[in-house]
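Dear colleague,

I am handing over the structure below, together with an account of what was found in it. Please look through the sequence and the model before reading on.

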Amino acid sequence: KKTMTMMSLVRTLTLLAASSSAFQTTRSVIIKMSASGPKNIVVIGGGVQGTSVAFQIAESTSLPAGSTITILEANKIASAASGKGGGFMARQWGDGGPTQTLHELAFDMYEELCPKLGVESYRKLPVLSVSPGGNKKGKQDNKSKNKQLSDIFPKWLDGSIGRVSPLGFGDDTAQVTPKEFVEKMLEYVNQPDKPGVKVVIGKCTGIECTDGDDGDKIVTAVTYQDGEEEEEKFLNADDVIVSAGPWTCMAEKWFDGAIQLPMEGVKSTSIVWKPPTGDDTVDATALFCGEDNRFGTHLEVYPRPDGTVYICGIGGSDYITTSELQDSAFLFDCPPKDDRVEAAASAFQMMSDTYSTRGELAKTQACMRPCPPDAKPYMGRVPGYSGAYINGGHNCWGIAWAPASGKAIAELVLDGESRSVDLRPFNPARYTSQGRGGRGRKKKGLSVGEQW
């Protein structure tokens, strides 16, 4: 009955569109009616941030019945940093500034979500600060030399090291393999009784809009190419969320210069070790290591539940400009640096006789972290557009903040405002000049805060 009434009203309004003014009235009424009806929602970006947005929208009680949710991903799900990042998180490691809520909320959400989704790689773990040692090689009894830390001192840290001190005992520090988290979110929301999230592989080429009565543009569709065909395709969209990591800055062109999103992609190499020969388990203690000038490294070491050890902080990063990112730099291929692989392996094997004598590399890789100039993410509405949102630029904490970011954006899209996170400091238009399409001034002398 309700459907028939709606259809009759639309037909009546359409018949009234005999003049320009009548057409404007018709369109305004239809738009207002559809605001509370089913939505077509498109998230651009299939990493942990974009997938978290789609997941939180799908799980929200505010999602209108009959809505569709689509992730448009240029490469494959979790193909960039979400498939190559360490996945470390720390509840209280923020600087007390605007991002502190993201740290705390996301940490708590991971603890609740991972058992619910069946994520096996999540666990809390202690963390040590370790200074590099001398050039002496061979097995060292470092655990007995640090008796006060014996409960959390890993047996594989048996090479040349300097001072050791605790950074956390596993109460507010944890880890997750981000690719598994992404996959489990999609599995969960695509169960038969769930709204479902469709994944479309294709590179976004633009956002289609129509003019609104109040001067704003209204999102109607997302255009894309799937890589196999040159023909441009489209997805109907009432709301679009651009959440594409460092490539989020491509949205400047999609929104005709209405927003400026300066971004630097910090491209870094990482390595993964197999479990040492003869060991079924690897002690679960993460390391943050001091600068090792011999190798140009400041290693971060994360043992994982599957027995592998992930290492980043290798040094030798490349800094990719906004214009390069807008030209798709490293979107489909992001190779590691061989010299940094060698440096990281050598630095770690100096610290671990276990891995020096029985270790073997499983994987070498590289990815980028997306860094705005002020180290704060871009989260919020696109000015001058209805149904357009940005969620990107989360720098080194993108994985750690993902559930909270997804929740905040889902609330913004479906309820009109974020209740869980104050998004004002993350206004995506903060670098946009008053004149639409102009270049925003860059702020000088700002502290980089949490941007590592």
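A residue is called buried here when its relative accessible area is under 20%, and by that cut-off 54% of the 452 residues of the protein chain count as buried. Please keep in mind that this is a predicted model. The secondary structure of the chain comes to twelve helices and 21 strands, and of the contacts with a separation of 6 or more, 73% are between residues 24 or more positions apart.

If residues up to four places away in sequence are not counted, Ile 57 touches Ile 41, Leu 63, Ile 69, Ile 241, Ala 410 and Leu 414.

On the H5 side the contact is made by Tyr 110, Leu 113, Cys 114, Lys 116 and Leu 117, while H7 brings Phe 181, Lys 184, Met 185 and Tyr 188; by class, the contact has seven nonpolar residues, two charged ones and no polar ones.

Ser 352 sits in the loop between helix H10 (338-351) and helix H11 (353-358), and with a relative accessible area of 0% this residue is buried. The side chain of Ser 352 reaches the backbone oxygen of Trp 156 at 2.7 Å, and, leaving aside neighbours within four places in sequence, Ser 352 is in contact with Trp 156, Asp 158 and Gly 159.

Finally, two backbone angles deserve a look, since most residues other than glycine have a negative phi. Phe 330, in the loop between helix H9 (322-326) and H10, has a positive phi of about 60° although it is not a glycine, and Phe 330 is partly exposed, with a relative accessible area of 29%. Asn 395, found in the loop between strand E21 (388-392) and H12, is not a glycine either and has a positive phi of about 40°, but Asn 395 counts as buried, because its relative accessibility is 3%.

With kind regards

Terms used: Residues numbered from 1 in each chain as written. Predicted model: local features only at pLDDT ≥ 70, side-chain atom pairs only at ≥ 80, totals over all residues. Heavy atoms only, no water. Helix = DSSP H or I, 4+ residues; strand = E, 2+ residues; numbered from the N terminus. Buried < 20%, exposed > 50% of the residue type's maximum accessible area, 1.4 Å probe, protein only. Polar contact = N/O pair within 3.5 Å; in protein donor to acceptor, adjacent residues only side chain to side chain. Contact = heavy atoms within 4.5 Å. Nonpolar A, V, L, I, M, F, W, Y, C, P; charged D, E, K, R; others polar.
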